[in-house]
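Please keep the sequence and the structure open while reading.

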Amino acid sequence: MSKGKKVGKVVGYLILLLLLSGGVYVYQEFFKSNTGSFENSASIYLKKDATYDTLISQLKQENILADLASFDGLSKQMSLRDNIHPGKYTFTTGMSNYSMVKKLRSGEQEIIKIVVNKLRTKSQIAEHLAAKIEIEPTDFQSLFNDNNYLEQFGLDSNNIQCIVMPYTYDVYWNVSALEVLEKLATAFKRYWTTERKEKAKKMGLTVPEVITIASIVDEETNKNDEKGNVASVYLNRIKKGMKLQADPTARFAYGDFSIRRVLNKHLQYASPWNTYYTAGLPPGPICTPQPSSIEAVLNAPNTEYIFFCAKEDFSGYHNFATNGTEHEANAKKFRDAMNERGIRK
């Protein structure tokens with residue numbers, strides 16, 4: 001082999017080595033794990049005014065990066081600095097620079113799940129909805145008190161609880177209050193089918209009135225197999241023009257949901273929400289009722305019951321009565337049981 005050919009071969013090997021070493025560098029820069037000292041996953045929250053410097057600061061704070069320099073280098077190559085999107089971003093152990101930069105650059109933020117169960121007041125609802133997302137409870141309060149906006153749903157500021165169905169809602173961290181309310185409205189409209197609306201109409205009730213009665217039922221019992229009977233009591237009282245005299249409305253009006261024993265001072269509390277004080281339904285729901293409670297109202301059995309009282313065994317079930325004498329006997333048994341247990345308030 002000539003001297004020229006030997007030199008050419010050496011140069012070829014050197015070029016190949018450089019290419020291979022460059023490939024290794026590119027692999028390490030792009031695809032090798034670059035996550036830091038967190039366990040399983042870690043998240044950052046980028047607000048609407050977040051910059052690249054904000055991003056880097058949060059990545060450092062949460063120990064998400066093992067090597068900042070390589071992440072920064074790739075970020076420049078992929079123009080991340082000019083493509084910062086607000087939201088919640090979650091990173092898992094073993095992610096590469098490329099996968100992290102790609103996630104951030106494309107705005108692949110995490111979905112937040114807002115789980116709604118029983119909530120009572122407008123302020124509770126606002127605080128619960130805002131707890132996991134960027135906006136403040138006051139953003140919801142403004143919408144909850146905007147009757148012009150709520151009119152499209154057949155609701156007002158007194159019965160806004162109607163629109164809050166107890167489901168799980170998928171949203172983004174940087175969602176607006178209006179977008180959340182629209183998600184609630186979509187679930188509300190989906191539930192209130194033509195069939196359900198027709199049932200309410202045949203009962204002489206509006207949708208908000210059905211939900212208001214259901215909210216009282218929901219507060220009275222968590223036993224699905226007796227919700228129908230509880231609903232029938234209130235429907236019978238409405239037909240007879242009686243006051244509803246529902247203990248949960250007295251608690252709601254008084255603003256103390258820890259009350260176990262409703263006393264005269266609670267019953268006499270002056271409020272349109274207190275059905276011992278005011279005839280008819282309260283202005284709106286006293287909680288966000290479960291669908292089972294709404295169904296109990298819409299499909300309530302025909303009974304003669306006009307009274308019910310908690311059973312003295314504290315099982316959560318109730319004794320039902322068709323007259324005052326029966327009811328007073330049931331009520332005495334429960335009062336005696338509370339006295340024996342020392343329940344005074």
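**Helix H11 and its surroundings**

In H11, the buried residues are Glu226, Lys227, Gly228, Val230, Ala231, Ser232, Val233, Tyr234, Leu235, Asn236 and Arg237. The model is predicted. H11 also contributes to the linings of the largest pocket and the second largest pocket.

*Helix H11*

- H11 runs over residues 224–240, which makes 17 residues.
- From first C-alpha to last, H11 reaches 25 Å, close to the 24 Å expected at 1.5 Å a residue.
- Glycine 241 follows H11 and has a positive phi, near 75°.

*Histidine 266*

- Histidine 266 belongs to helix H13, which spans residues 264–267.
- Its relative accessible area is 4%, and because the cut-off for buried is under 20%, histidine 266 counts as buried.
- With neighbours within four places in sequence left aside, histidine 266 is in contact with Ala250, Tyr254, Ile259, Arg261 and Asn274.

*Largest pocket*

- The volume of the largest pocket is about 1200 Å³.
- Its lining has 39 residues, and Asp247, Arg251, Arg260, Ala310 and Phe334 lie nearest the centre.
- Two or more lining residues come from each of H10, H11, helix H12 (247–254), H13, S5 and helix H15 (324–341).
- H15 gives the most to this lining, with five residues.
- By class, the lining of the largest pocket holds 19 nonpolar, eight polar and 12 charged residues.

*Second largest pocket*

- The second largest pocket holds about 250 Å³ of space.
- Its lining consists of 14 residues, of which Met203, Leu235, Lys239, Ala300 and Asn302 lie nearest the centre.
- H11 and H14 each give at least two residues to this lining.
- H11 provides the largest share, five residues.
- The lining of the second largest pocket divides into eight nonpolar, five polar and one charged residues.

*Points that link the topics*

- Leu235 is among the buried residues of H11, and Leu235 is also one of the residues nearest the centre of the second largest pocket.

Key
Residues numbered from 1 in each chain as written. Predicted model: local features only at pLDDT ≥ 70, side-chain atom pairs only at ≥ 80, totals over all residues. Heavy atoms only, no water. Helix = DSSP H or I, 4+ residues; strand = E, 2+ residues; numbered from the N terminus. Expected span 1.5 Å × (residues − 1). Buried < 20%, exposed > 50% of the residue type's maximum accessible area, 1.4 Å probe, protein only. Contact = heavy atoms within 4.5 Å. 1 Å grid on protein atoms, 1.4 Å probe; cavity = no way out; pocket = protein on both sides within 12 Å on 5 of 7 lines; lining within 4 Å. Points joined across faces, edges and corners; volume = space filled by probe spheres on them. Nonpolar A, V, L, I, M, F, W, Y, C, P; charged D, E, K, R; others polar.
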